[in-house]
Amino acid sequence: MRIDLHSHSNASDGTDTPAGVMRAAAAAGLEVVALTDHDTTAGIPEASQAARELGLTLLPGAEISCSRRRIGVHMLAYLHDPENAALLAEQEQTKVDRRTRAQRMVQKLSEDFDISWDDVVRQCEPGAAVGRPHIADALVQAGAVASRDEAFATVLNGRSPYYLPYQAPEAGRIVELVRAAGGVPVMAHPRAGKRGRLVSDEDIAGLADLGLAGLEVDHRDHEESDREHLRGLAAELGLLTTGSSDYHGTGKRNRIGENTTAPEVLEKIIALGTEARVVRP
Ligand code: AMP
Ligand code: FE
Ligand code: FE
Ligand code: ZN
């Protein structure tokens, strides 16, 4: 059984529609896929319908922006209640903070490049959390860079003078909220070092004490040494280990199904979460 537990649609910063992500998953020979848009579950209804039609099992989810000691953390959440008021409030706040931060980055960029806030808004589906990928698309449109990749390697990089951080909720709080909402929190790409500073093993242990269920180990942004390290840490802390593509359509090189999760891990995730929310064909 082929299982990919991390993908994005244009409800966040992917380029495929939610149904398009499901079609890509089916075409790649996957049987189980999770849709994990950044800070939103808006794509789930459309994805659910497409998954049923295609004979795919869908795990509804999200990738929640948060932080630990001011280091950015992405928390995958599976099978949580999408209507949970406390989680929705955090995601709404993040969306507002992201918007203000993106507007300020675009303000700075517009002094040197021919882009405006309207150009960025045009790259983003209504209601989606606006972020650097959408600014990147506006820069591509303006001819300032050739691709999203080039934008991230240059002007949008964490060390660029145009870069600004945004406020995100504390990772421990998100772990607790996801659990309280009947969901299963798994830390996304914990050793993706190119994105900036890494959360320490001690802090991951602290998150495990609060209810973290797993670590995403097999991911394109991890070297083999990172994977070995994370497998050791997960064994020590009693955490599950997943593998996933982090597919973003044409927005990133990641191909759907390029990393996969073991069926026994999927069973444990489903047992920990709200079974009723699994969408089965
Ligand atoms: P932000 O959260 O607005 O700071 O932007 C980070 C987002 O950019 C993450 O969700 C990533 O999926 C995306 N991202 C990071 N690096 C790249 C890249 N090289 N190409 C495209 N998207 C990227
Ligand atoms: Fe993304
Ligand atoms: Fe991520
Ligand atoms: Zn992701």
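**Figure 1. Classes of residue lining the second largest pocket of this predicted model.** The lining comprises eight nonpolar, one polar and four charged residues; Ala, Val, Leu, Ile, Met, Phe, Trp, Tyr, Cys and Pro count as nonpolar, Asp, Glu, Lys and Arg as charged, and the others, Gly among them, as polar. Residues are numbered from 1 along each chain as its sequence is written. Local features need pLDDT of at least 70 and side-chain atom pairs count only at pLDDT 80 or more, whereas totals for linings use all residues.

**Figure 2. Position of the second largest pocket.** A pocket is an open set of points on a 1 Å grid over the protein atoms alone, where a 1.4 Å probe fits, with protein on both sides within 12 Å along at least five of seven lines; lining residues have an atom within 4 Å of a point. The volume of this pocket is about 170 Å³, taken as the space filled by probe spheres set on the points. Among the 13 lining residues, Arg99, Cys124, Gly127, Ala128 and Val130 are the closest to the centre. The largest share of the lining, four residues, is given by α3.

**Figure 3. The largest nonpolar core.** Such a core is a set of buried (under 20% relative accessible area, 1.4 Å probe, protein chains only) Ala, Val, Leu, Ile, Met, Phe, Trp, Tyr and Cys residues joined through side-chain atoms within 4.5 Å. Of its 26 residues, Met75, Ile174, Met187, Ile204, Leu212 and Leu215 touch the most other members. Helix α7 (a DSSP run of H or I, at least four residues) supplies the largest share, five residues.

Key
Chains lettered and ligands numbered in written order. Heavy atoms only, no water. Buried < 20%, exposed > 50% of the residue type's maximum accessible area, 1.4 Å probe, protein only. Helix = DSSP H or I, 4+ residues; strand = E, 2+ residues; numbered from the N terminus.
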